[in-house]
Amino acid sequence: AILEANLPSLLPHLCRCWLDEDDDVRTLALNLYGDILKCLSSLESVDLKCLAPFVPFLCAYASSALNSLDRSIRIDGSSIVAMLASAVQSPSFSQLMSSSTSKMSAMSRELSHHVDSLLPSMERLLTSVSLGRRASSSGRSAESQKSNTAAGQKRGRSGKNASSVQTKAVSKRESRESSTAQSILLSLAFLLRTSLISNDDMSGMNHTIRDKTQRDLLPSLYVSGECSFLKGGSAQSNSLLLIRGTKGSRAADETRICSITDLPAIQDEMTNNSANVLVEDIPMDDLSSRPKEKDAESMEKVQQMTSLLETLRGKFVEIAHLGKKTDANGLMSSSNDLETMDVLVQIIRLSHSRFQAYYQSISKHYPRTETDASKSNKKREKGGKKSTKDLQNVQECLVAYQTSVDRVLQLLLENFPVKSFGETTNPERYEFTNACICSALAELGGGAMFDDGKKRTSPWVNTVFSYVLPRLTCDQDSYESKPEDDSYSESISTNMLLKVVMKLLLPIGNNSGDNTKSYLLNNIVKRQEILEAFAKAFFPQVYCQVAPHHVIYASSSTADLERKMRNVANTAAGRTACILVTKLVAQSADSLFNDSTETEYATLLLQMISVLPTYVVAWEGKYPTETGLALASILSVVRQWEASGKSKTPVTLALEELCLGLRYSLEALYIPIEDSPAVQQPRKKRKKANLKQTCILERLPEQVQKLAIGLAGLLQSPTEVTAKQLSQICSKAFISHIATTNGDPEYEAVSLDMANYIREVVHLSRRTMPMPTYLSFLLDGSGIELTTGISLMQKQSPDNVFLYDSAIDQLSRFLTTSCDKASQKVLPMLRPIIEKWLLAPTKIKENEGASNETMRLLVQGRSAISILSAFTWDDVLSHNCADNDFVPSSVLDDKLDQLLLNSILSLCEVSGSFW
């Protein structure tokens, strides 16, 4: 708090020291700023928001340092930029690879608006550093050392000492130059990564303001306005369980679900009004994700990106010249140069991603079809090579950028793969570098900037395919022994290769899938081959005891395999693999059962979907985005299942087996994670400890919870385990609500609206489950029998007994509507518990119950009387004799009538003593 309060007076003096002529002063100033970042970052809740207002001020001094005449000040300026962009004291390459833009600090997000003012200076600084000189000197050190050794015998002692001193000086200078180049490259990489945040925020602003509160949930990959889940609504109003295979009913304005942000939110009382007012106050130009740039500004920005890409290409050439070309395509390089090469490749990827984001904002002004890149290149060759400054319009600038991209692609392809000079003790290091280059090839060559309607073959596709396919394996044991934050671990390399596979398997132009059938990998046989390798590595067949045909499930136990798959699921590669499956489902879910779809492809996709629950359970709610996408993908396929379908094709058999297996594989979502029974504890303490246990469903956002519950309703016939655990979830939600009302510690539970939705879904599925299981769900889910009174024991307020009236009302309603003539069919099954509850007030009167169970007994007595009243009234209405003064009851016999009378009298007497 003291440091935050003095930042306005501390930072101006600190920033002036960044420009001091004394090297020691600048070093101390940089160290002090790093200590400030470290101190403020130690508090997770702060998120460096206190530094965000000072970012323009800090960027001004950083820009001044980068444009200084003193080279050492410019180099220190790059270190300042690295700390501003990464928000850490000592930025490293491992942090660049492991962290994501979604977890960046508020200061880094503010810096994203000032990237354009820093990039030109950083590019000039990078140009002034020679990567080849540094490494070439070290590369020649071995040969010079041999010559010096051969001539050493002819030298005197003084000559040897002079040579030794000179060698140390050269080595020290080379080390300093190496660290300087590495620091500049990392600073540029962090700055470019930060620049992507502003593009994401701009493109998502329109989506967040106008669409988030008006989208509704359907059991498909699309979102339309046909239905919504209003607060207090039922399962019928959501229609999540009522629609199956509505292919022809989609409206033209429906939106395909591409990410968790496309899933609908639950509307509340203030949502619509506040959203409409907000949209009305903002001009339409501000809501658009496309800024209206003038031609001059667009040309300047495109030229800047082209210049940066050419500079990076030149630096990669310098690094490549330090190695040795192989007979075929490829490069033999020293391990000392790999990290520099990795950073360069990452900067190339980030720079191209930045250009793509910018081009999307101006694509309506300058569409791809207006300019033919090949013709422009021919004209340029005839008239001589044009410099960037001589370009006349934005189209020519875009063509120049595409030409630079092609040159970079050719350069990367010529030097791929990277190998060692001999046997290496760390082959994973070279695999990581090759994975980075593969990823860069896929991103830069993922689609031409200008499309003239002709199909072109990308030369890199076959090369990358040949490299990726044999490496598309999943060694589950390696993930157990190596941490995921290791920058060069197999998981990180595999994760990059999976993103390349995503480019090869999905249609060009829209990674989430669309109607386009143009692929980078045009050969359908190769696509099927790489898909099978991917499925075998990350989504192998698992065992399911209810699988009748073993089409997509294994025929024998795979417990050890499932344990290893849970380890894989928590890695970056596992999450990327899950996203790839969801995108494959998004592009082919609607056509999965058409005759045009290959049977092998459809069956393989259903097999991968059957393993998704293993991933979701392994995440334990830590990744709600991936969990929501996985559940939405499963739901989009399950909704097309017809349990009574007569068609028995191989694909429909696989779908039937999938749905039967999902009923059991999704049980783990509702079972408490800490499912260890308390031993040798009193009854009350044991129950209270159970309330502190949480299941995966309770850890997920409510929007994702509805997907899980809706999926259970679509599958129908919930298992006994599912029904039991759902009843405990509902009971815990009610107990948590009462605990919050009384001021007791709050339990982590679902909301009351969510609990009501669970009851509605199970109620709609009651005809597909045994009646005893359904009745047990209703009784246990009400919280009256097992957990009533836990949160009421502290205060013993008599008014607390009325807190259970809503649960009693719901229980009575569901019991009387569970079937036709419920008083004759259901009441006999409930009679033992009804008789037990009717005796509860008598126990209070006779002092047989403990004093801390008074409230529980009171609520049970009120519940029994209310349930019998509901059955009696339902019986009266069923005989159409509500207007008669006396109706013979078929609900009560003599014994039950006497118990009811005694219970009412005892309840009145006991209640009178409290008020």
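**View 1. Ser-903 is a buried residue of helix α40.** Ser-903 counts as buried because its relative accessibility is 0%. Buried means under 20% relative accessible area, exposed over 50%, and partly exposed in between, with a 1.4 Å probe and protein chains only. Helix α40 spans residues 894-914. Helices (H or I, at least four residues) and strands (E, at least two) are DSSP runs numbered from the N terminus. Beyond four places in sequence, Ser-903 is in contact with Leu-838, Pro-841 and Ile-865. Contact means heavy atoms within 4.5 Å. The model is predicted: local features need pLDDT of at least 70, side-chain atom pairs count only at pLDDT 80 or more, and totals for chains, interfaces and linings use all residues. Residues are numbered from 1 along each chain as its sequence is written, and side-chain values use heavy atoms, with hydrogens and water left out.

**View 2. Leu-344 sits in helix α16.** Leu-344 has 0% relative accessibility, so it counts as buried. Its contacts, neighbours within four places in sequence aside, are Leu-131, Leu-185, Leu-312, Lys-315, Phe-316 and Ile-319. Leu-312 is 32 residues from Leu-344 in sequence. Their C-alpha atoms are 6.9 Å apart.

**View 3. Phe-355 pairs with Tyr-359 and with Tyr-401.** The whole structure holds 11 aromatic pairs. Rings of Phe, Tyr and Trp (its six-membered ring) pair if their centres lie within 6.5 Å; planes under 30 degrees apart count as stacked, over 60 as edge-to-face and the rest as tilted. Phe-355 and Tyr-359 are stacked because their ring centres are 6.2 Å apart and their planes meet at 25°. Both residues lie in helix α16 (residues 338-362), four residues apart, about one turn of the helix. Phe-355 and Tyr-401 are also stacked, at 3.7 Å centre to centre and 20° between the planes. Tyr-401 belongs to helix α18 (residues 394-414) and Phe-355 to helix α16, so this pair ties together parts 46 residues apart in sequence. Phe-355 and Tyr-359 are buried, and Tyr-401 is buried too.

**View 4. Trp-18 is one of the most connected members of the largest nonpolar core.** This core has 236 residues. A nonpolar core is a set of buried Ala, Val, Leu, Ile, Met, Phe, Trp, Tyr and Cys residues joined through side-chain atoms within 4.5 Å. Trp-18, Phe-534, Phe-538, Phe-539, Leu-606 and Tyr-615 touch the most other members. Helix α26 (residues 599-619) gives the most to this core, with 14 residues. Residues up to four places away in sequence aside, Trp-18 touches Arg-26, Ala-29, Leu-30, Tyr-33, Leu-58, Tyr-61, Ile-73 and Ile-80.

**View 5. Ring pairs build an aromatic cluster.** The cluster links Phe-534, Phe-538, Phe-539, Tyr-615, Trp-619 and Tyr-623. The charged end of Arg-575 sits over the ring of Tyr-623, 4.4 Å from its centre. A charge sits over a ring if NZ of Lys or CZ of Arg is within 6 Å of the ring centre and within 35 degrees of the ring normal. Elsewhere, Lys-706 lies over the face of Tyr-757, 5.2 Å from the ring centre.

View 6. The peptide bond from Phe-416 to Pro-417 is cis, with omega near 0°. Glu-620 is not a glycine, yet has a positive phi of about 55°. At 30% relative accessibility, Glu-620 counts as partly exposed. Lys-821, also not a glycine, has a positive phi near 55°. Lys-821 is exposed, with a relative accessible area of 56%.

**View 7. Residues 510-514 and 676-689 have pLDDT under 50.** pLDDT is the predictor's confidence in each residue, from 0 to 100. Beyond four places in sequence, the model has 12 contacts for residues 510-514 and seven for residues 676-689. The mean pLDDT of the chain is 76, and 69% of its residues reach 70 or more. The chain has 40 helices and five strands, and 50% of its 915 residues count as buried.
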